[in-house]
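Please look through the sequence and the 3D structure before reading the points that go with them. The briefing is written for a reader who is new to looking at protein models.

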Amino acid sequence: MKRLNLILSLAFLLIGIQLFAQTNKETTLKIVADKNYTFVANTALPMSNNDINRVLAMMPGSQGGGSINLTGSQYDVKVTKDSIVAYLPYYGRSFSAPMDPTQGGIKFTSKDFTYLESKNKKGLYTIQINTKDVKRENYRFTINISTNGYASLTASSVNKQPIIFNGYLDEPKKQD
């Protein structure tokens with residue numbers, strides 16, 4: 001009986017996720033094809049290592065697991081045909097720290113980058129972005145996008161451990 005309840009609960013959860021999708025399939029296809037969207041981060045998943053887990057366990061209200069809630073923050077990556085603007089936090093091990101403490105995290109604007117897009121049979125997109133002109137260090141972003149607008153972004157560089165962000169795609173705001 002417990003197993004049946006678990007299966008039914010998971011089925012309702014999956015149906016609920018589909019009902020509250022971030023965007024519809026047509027909107028997701030359009031903004032990805034136009035290379036004009038914003039990835040909004042909801043959670044950060046730093047590399048699982050003991051140091052980070054110990055620090056997270058000391059935070060008030062922590063439940064462990066290494067997931068950091070970013071809901072309500074303004075962390076995002078804006079993608080257009082001619083630029084990438086990233087404003088993301090960083091949790092993890094960095095092998096070289098900036099001299100200015102305000103320069104932490106993953107914050108940059110890039111005008112020189114490569115953009116590779118692929119789509120699988122189920123309609124899921126994988127986008128690889130490699131920056132070439134960021135002063136401190138260049139980044140590789142791998143964005144996996146579902147048809148309903150949910151996405152995950154993996155950020156990696158030479159000087160930092162990779163970090164994964166989960167979130168969703170948003171349409172660009174209209175300029176008045």
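The model is a predicted one, and every value given here was computed from it.

**Helix α2**

- Helix α2 covers residues 25-33, and its buried residues are T27, T28, I31 and V32.
- When the helix is viewed down its axis, these buried residues lie within an arc of 120 degrees, so they line one face of α2.
- An α-helix has 3.6 residues a turn, so residues three or four places apart point the same way.
- E26 and A33, by contrast, are exposed on the other side of α2.
- The buried residues of α2 are covered by parts of the chain that include β1, β6 (113-119), β7, β8 and β10.
- After α2 comes K35, which has a positive phi, near 55 degrees.

**The largest nonpolar core**

- The largest nonpolar core has 32 residues, of which V77, I106, I129, F141, L153 and F165 touch the most other members.
- With four residues, β1 gives the most to this core.
- If its neighbours within four places in sequence are left aside, I129 is in contact with V79, I84, F113, T114, Y115, Y139, R140, F141 and I143.

- At least two residues of the lining of the largest pocket come from each of β1 (37-46), β3 (76-79) and β10 (163-170).
- Sorted by class, the lining of the largest pocket has six nonpolar, six polar and four charged residues.
- The second largest pocket holds about 210 Å³ of space, and of the 15 residues lining this pocket, Q103, G105, R136, Y139 and K160 are the closest to its centre.
- The lining of the second largest pocket is made up of six nonpolar, five polar and four charged residues.

**The loop residue K135**

- K135 sits in the loop that runs between β7 (125-131) and β8 (140-145).
- The relative accessible area of K135 is 85%, and K135 therefore counts as exposed, a word that is used here for values over 50%.
- Although K135 and T109 are 26 residues apart along the chain, their C-alpha atoms are separated by 9.8 Å.

Note on methods
Residues numbered from 1 in each chain as written. Predicted model: local features only at pLDDT ≥ 70, side-chain atom pairs only at ≥ 80, totals over all residues. Heavy atoms only, no water. Nonpolar A, V, L, I, M, F, W, Y, C, P; charged D, E, K, R; others polar. 1 Å grid on protein atoms, 1.4 Å probe; cavity = no way out; pocket = protein on both sides within 12 Å on 5 of 7 lines; lining within 4 Å. Points joined across faces, edges and corners; volume = space filled by probe spheres on them. Buried < 20%, exposed > 50% of the residue type's maximum accessible area, 1.4 Å probe, protein only. Arc of directions from axis to C-beta. Contact = heavy atoms within 4.5 Å. Core = buried A, V, L, I, M, F, W, Y, C linked by side-chain atoms within 4.5 Å.
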